[in-house]
Amino acid sequence: EKNCLEYCFAHDQIESAAYSLIPEKHQGPWHLSIGKKLLSSCNSEEEIEKIIFLITDQLNRGKLSMKEEAEHISLIELNYRAAKKAISSSMFSNASHYLKEGINLLEKKHCESHHRLWISLYVSYAETEYCNGNFKNVRDTVGSIIAHAKSLDDKVPAYKTLCLCVGSVKRKNIDATRIGLDVLGQLGEHFTLKRSLVSSLAEIFKTKLLLMGKDVDIIMSKVMDDKQMLAIMDLLE
């Protein structure tokens, strides 16, 4: 009966010895079968979420036995979901592992056929590798994103991570600022590193005039839904 019994090995070495008895050529198909059964046993997305790591680990170990493209896409999505769950628990090393597994399953054509998934994987991988301190991987990943992006919206999160990465290196704050200002310029907000005190005061005065007679609390309470302005505010933050 379902959920009535649980079995486990008395020791890890016993488990390892039992696993070694399975011929290598059969290990992949076994893992694939176990992963599929675990996935099919879930009756809701919530149940999948509870054992997402277990399901994804089994399917990753059996991926070479997958024959259908739909299976590969499903596994890529599961790796992305597992990574997001790992990120929510600050397990950035685990998250990078799942994202890398998903990226390795991608083919060139998926950049077109599943572009949003492609971008999401790469952007998240750049972010987790920044958290892991692997700055070279961040730069390489951001380079891939910029090369394959279809719009500025695809690039902005990657540029933000690159700014953080460059700014983390000693004496590179100016370089990070230049990258950020360049992206802001592409978004229509132009700044300069050489603005004079007079021009800065003039901008402050203009802003005060715009706000004159207006209730700032009411303005701040309004929800911003302009995607481009949200991206600008995100970069400025």
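Helices here are DSSP runs of type H or I with at least four residues, strands are E runs of at least two, and both are numbered from the N terminus. By that rule, Trp 30 lies in helix H2.

This is a predicted model, in which local features need pLDDT of at least 70 and side-chain atom pairs count only at pLDDT 80 or more, while totals for chains, interfaces and linings use all residues. Residues are numbered from 1 along each chain as its sequence is written, and side-chain values use heavy atoms, with hydrogens and water left out.

**The overall picture**

The protein has 14 helices and 0 strands. Of its 237 residues, 30% count as buried; buried means under 20% relative accessible area, exposed means over 50%, and partly exposed is in between (1.4 Å probe, protein chains only). Now to contacts, where contact means heavy atoms within 4.5 Å. Among those between residues at least 6 apart in sequence, 55% join residues at least 24 apart.

Let's return to Trp 30, which is exposed because its relative accessible area is 52%. Its C-alpha atom is separated by 8.8 Å from that of Gln 58, 28 residues away along the chain. His 31 also lies in helix H2, but His 31 is buried, with a relative accessible area of 7%. Leaving aside neighbours within four places in sequence, His 31 is in contact with Tyr 19, Gln 58, Leu 59, Arg 61 and Gly 62.

Gln 58 and Leu 59 turn up again among the buried residues of helix H4 (residues 52-61), together with Ile 52, Ile 55, Thr 56 and Asn 60. These buried residues of H4 pack against helix H2 (24-40), helix H3 (45-50), helix H5 (69-88) and helix H6 (92-105).

**Aromatic rings**

A pair of aromatic rings is described by the distance of the centres and the angle of the planes. Rings of Phe, Tyr and Trp (its six-membered ring) pair if their centres lie within 6.5 Å; planes under 30 degrees apart count as stacked, over 60 as edge-to-face and the rest as tilted.

| Pair | Centre to centre | Between the planes | Class |
|---|---|---|---|
| Phe 53 and Tyr 98 | 5.6 Å | 10° | stacked |
| Trp 118 and Tyr 122 | 4.0 Å | 20° | stacked |

Phe 53 in helix H4 and Tyr 98 in helix H6 are 45 residues apart, so this pair links distant parts of the chain. Phe 53 counts as partly exposed at 24% relative accessibility, whereas Tyr 98 counts as buried at 5%. Lys 85 lies over the face of Phe 53, at 5.3 Å from the ring centre; for this, NZ of Lys or CZ of Arg must be within 6 Å of the ring centre and within 35 degrees of the ring normal.

Trp 118 and Tyr 122 both lie in helix H8, 4 residues apart, about one turn of the helix. Both residues are buried.

**Helices H8 and H10**

How do H8 and H10 pack, and at what angle? Helix H8 (residues 115-131) and helix H10 (residues 152-167) pack at an angle of about 10°, with their axes 10 Å apart. They are therefore roughly parallel to each other, a label for angles under 35 degrees. On the H8 side, His 115, Arg 116, Ile 119, Val 123, Ala 126, Glu 127 and Tyr 130 meet Asp 154, Pro 157, Thr 161, Leu 164 and Cys 165 in H10. By class, this contact has 7 nonpolar, 2 polar and 3 charged residues.

Methods: Axes fitted to C-alpha atoms, helices over the stretch in contact; angles between N-to-C directions. Parallel < 35°, antiparallel > 145°, perpendicular 65-115°, else oblique. Nonpolar A, V, L, I, M, F, W, Y, C, P; charged D, E, K, R; others polar.
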